[in-house]
Amino acid sequence: METKAIWLNGKLVAKADATLNFLTPALHYGIAVFEGIRCYATPRGPCVFRLRDHIERLFDSARVLGFRELPYTVDQIVDACLETVRANGFEECYIRPLIWLAEGGWNLTVDGGKPYFGIAVWEWKQYLGAEAADNGVRANISTFTRHHPNVMMTKAKVSGNYPNSVLAKTESLRLGFDEAIMLDAQGMVAECTGENIFVVRKGRIYTPPDGTILEGLTRDAILRLGEDLGYEVVAKPISRDQLYIADEVFVCGTAAEVIGLREIDFRTIGSGKTGPITREFQAAYTALVRGKHPRSEEWLSPVNGQSFQDEVPDFADAPKKGHSRGADTAASRHRGETVEVVSARGLATTKPERS
């Protein structure tokens, strides 16, 4: 099924009519912000995962880029996303809202133009390949460094940021890998070209701190699922050689979902296939976005107005394997250590382990 309609500045138009002027400054300078959102088939029909959170971040990105006034509200764009999915008749799809600078702006300032809005949806399944979830993928450390936060705004999804990812991903694919891992300006692990990264070692889970990364909404979901499963996720700087000796490494993002890395820089990670903790998170995340998890009602927006009330999630009765393992062994492994634990709300707290 192909995309039929695109929402453009307040109304649905046929795909063939959703065109831009060649002299649109966003095309020449990358002056635009966007989101990537997924709609999933669920027992209640198609539902969009974390729609409002994504649109709020879209508006935050526009603010970071410097737009002062926008012609639509968050509520209007949330409704427009649902309208666009309905108009195209997709049960599952990828949603791309975009705000870009038009009608001027050739003087290199957002104040010289006018912001336009558009929303497109299309069918998009396995971003990293059909076998990635089961087998994991191969990655390498890119020669390209992740943006410095004082060079490009790393907390905003600015279109002009993404040549950085394109350079890294293209290099990796040409070298025979599936994905690139990017280091920050200090040489520590930042993120992949389109995903956040997690490292599992001795039953503990680590992720790079917020400083230079995009604070992904899928990453936030993994943090909350980690608490549900009984794991502590510690935010700390990670060196590239710590990746090599990890028991598991996995990445997450809207497009990729949750995928293990089986090899990094020609070094086998763990058993060389998707590990057991990664599989726990894959199962929990799949249940979440498919409407079969206790958190589904909170984060899914039904396209056709269905309610998740009275729905009994299949995942609610599933064993939470991490609870016993995390609770029983964390203190014995890290007696007296001070760690930065990322909470379920995405905040960081520093606390000493009990001895």
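At 18% relative accessibility, Arg295 counts as buried, because buried means under 20% relative accessible area, while exposed means over 50% and partly exposed lies in between (1.4 Å probe, protein chains only). This is a predicted model, in which local features need pLDDT of at least 70 and side-chain atom pairs count only at pLDDT 80 or more, while totals for chains, interfaces and linings use all residues. Residues are numbered from 1 along each chain as its sequence is written, and side-chain values use heavy atoms, with hydrogens and water left out.

View 1. The side chain of Arg295 meets that of Glu298 in a salt bridge (3.9 Å, N to O); the term stands for a side-chain nitrogen of Lys or Arg within 4 Å of a carboxyl oxygen of Asp or Glu. Glu298 counts as partly exposed, at 49% relative accessibility. Both residues belong to a network of salt bridges that also links Arg50, Asp53, Asp220, Arg224 and Asp228. Helices (H or I, at least four residues) and strands (E, at least two) are DSSP runs, numbered from the N terminus. Both Arg224 and Asp220 are buried.

**View 2. The Arg146 and Glu191 pair.** Here a salt bridge joins the side chains of Arg146 and Glu191 (2.9 Å, N to O). This pair links distant parts of the chain, 45 residues apart: Arg146 sits in the loop between β8 (137–141) and α5, and Glu191 in strand β10. Both partners are buried. The count of salt bridges comes to 17.

**View 3. The largest pocket.** Its volume is about 580 Å³. A pocket, on a 1 Å grid over the protein atoms alone, is an open set of points with protein on both sides within 12 Å along at least five of seven lines; a cavity is a set where a 1.4 Å probe fits but cannot get out, and lining residues have an atom within 4 Å of a point. Grid points are joined across faces, edges and corners, and a volume is the space filled by probe spheres set on the points. Of the 33 lining residues, Lys157, Tyr162, Thr193, Gly194 and Glu195 lie nearest the centre of the largest pocket. Elements supplying at least two residues each include α2 (51–65), α5 (163–174) and β10 (189–192).

**View 4. The second largest pocket.** This one has a volume of about 460 Å³. Its lining has 25 residues, with Lys125, Gln126, Ala256, Glu257 and Arg290 nearest the centre. Helix α8 gives the most to this lining, with four residues.

**View 5. The largest cavity.** The structure holds one cavity of 30 Å³ or more, and the largest cavity has a volume of about 50 Å³. Among its lining residues are Asp247, Glu248, Arg262 and Lys273. Strand β15 gives the most to the lining of the largest cavity, with three residues.

**View 6. A nonpolar surface patch.** Phe22, Leu23, Leu27, Tyr29, Trp106 and Leu108 make a nonpolar surface patch of about 700 Å². Patches are made of residues with over 30% relative accessible area and no salt bridge: like charges are joined within 9 Å, nonpolar side chains (Val, Leu, Ile, Met, Phe, Trp, Tyr) within 5 Å. Accessible areas come from the Shrake-Rupley method with a 1.4 Å probe; for residues, only the protein chains shown count as cover. Trp106 is found in the loop between β6 (93–102) and β7 (114–122), and at 41% relative accessibility Trp106 counts as partly exposed.
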